[in-house]
Amino acid sequence: MKITRYDEMSGLGLDLIREIGSIGTGNSATALSSMLGKAVRMTLPDVQILGYNDAIKFLGDPEEIVAAILVKMSGEINGLMLFVLKLDFINEVLSSLMQEEIEDYYQLNVLETSALEEVGNIIISSYVNAISSLSDVSINLSVPDIAVNMLGGILSVPMVEFGYQTDKMMMISGQFIIGGKVLHSDLLMMPEIQSLNFLMEKLGIING
């Protein structure tokens, strides 16, 4: 039976998304370690289906300034991927790559922004490659775009794009451990409902 909302996904479907997330985190940790020149590990991810307000509460304060990398998926799966970056994660990346740190998100210059876009692209691509490998579906990714805004404003972007289909978000959360530092990681995956049904069918999962 096909689903019409994210929260209609079966437990088996969520387990499979969690397994895909686990493979994706392993791949992203390896790629990030190579880029930063440091040991990078990541804890097993947790997958939650949250409403807009609950997602904001989970991530912090709606007026908190954050950065986010946004990538659009197209091809056999259409949707959005959004990776939220907070200041401690940004400074770990910048100090590793450029021996620089910032005190405010609006201090990011062009080179620093480019480096963060590449990191976000690596992490998102690792998840998408895991999906493609397991399900044999073709997914194209747009050029990553970075935004700095209040958390509520950042999360409103996927809701504007997909609010006509669902009022829920699929969140994959975990912790990067970089050079001994524990840094929270939050990735939002929002495939179109039609694409999610197609993916579940390809993976042999019957929802509902």
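Let's start with Leu155, which touches Tyr52, Ala55, Ile56, Leu59, Leu82, Met169 and Leu188, leaving aside residues up to four places away in sequence. Touching, or contact, means heavy atoms within 4.5 Å. This is a predicted model, where local features need pLDDT of at least 70 and side-chain atom pairs count only at pLDDT 80 or more, while totals for chains, interfaces and linings use all residues. Residues are numbered from 1 along each chain as its sequence is written, and side-chain values use heavy atoms, with hydrogens and water left out.

Leu155 also turns up in the largest nonpolar core, which has 69 residues; together with Phe83, Phe89, Ile90 and Phe176, Leu155 touches the most other members. A nonpolar core is a set of buried Ala, Val, Leu, Ile, Met, Phe, Trp, Tyr and Cys residues joined through side-chain atoms within 4.5 Å, and buried means under 20% relative accessible area, using a 1.4 Å probe and protein chains only. Helix H4 (residues 110-135) gives the most to this core, with eight residues. Helices are DSSP runs of H or I, at least four residues, and strands are runs of E, at least two, numbered from the N terminus.

Now hop over to Ser173, found in strand S7 (residues 168-178). Is Ser173 buried or exposed? Its relative accessibility is 5%, so Ser173 counts as buried. Its side chain makes a polar contact with the side chain of Asp186, at 2.8 Å. For that label, a pair of N or O atoms must lie within 3.5 Å; within protein, one must be able to donate a hydrogen and the other to accept it, and residues adjacent in sequence count only if both atoms are side-chain atoms.

Terms used. Buried means under 20% relative accessible area, exposed over 50%, partly exposed in between (1.4 Å probe, protein chains only).
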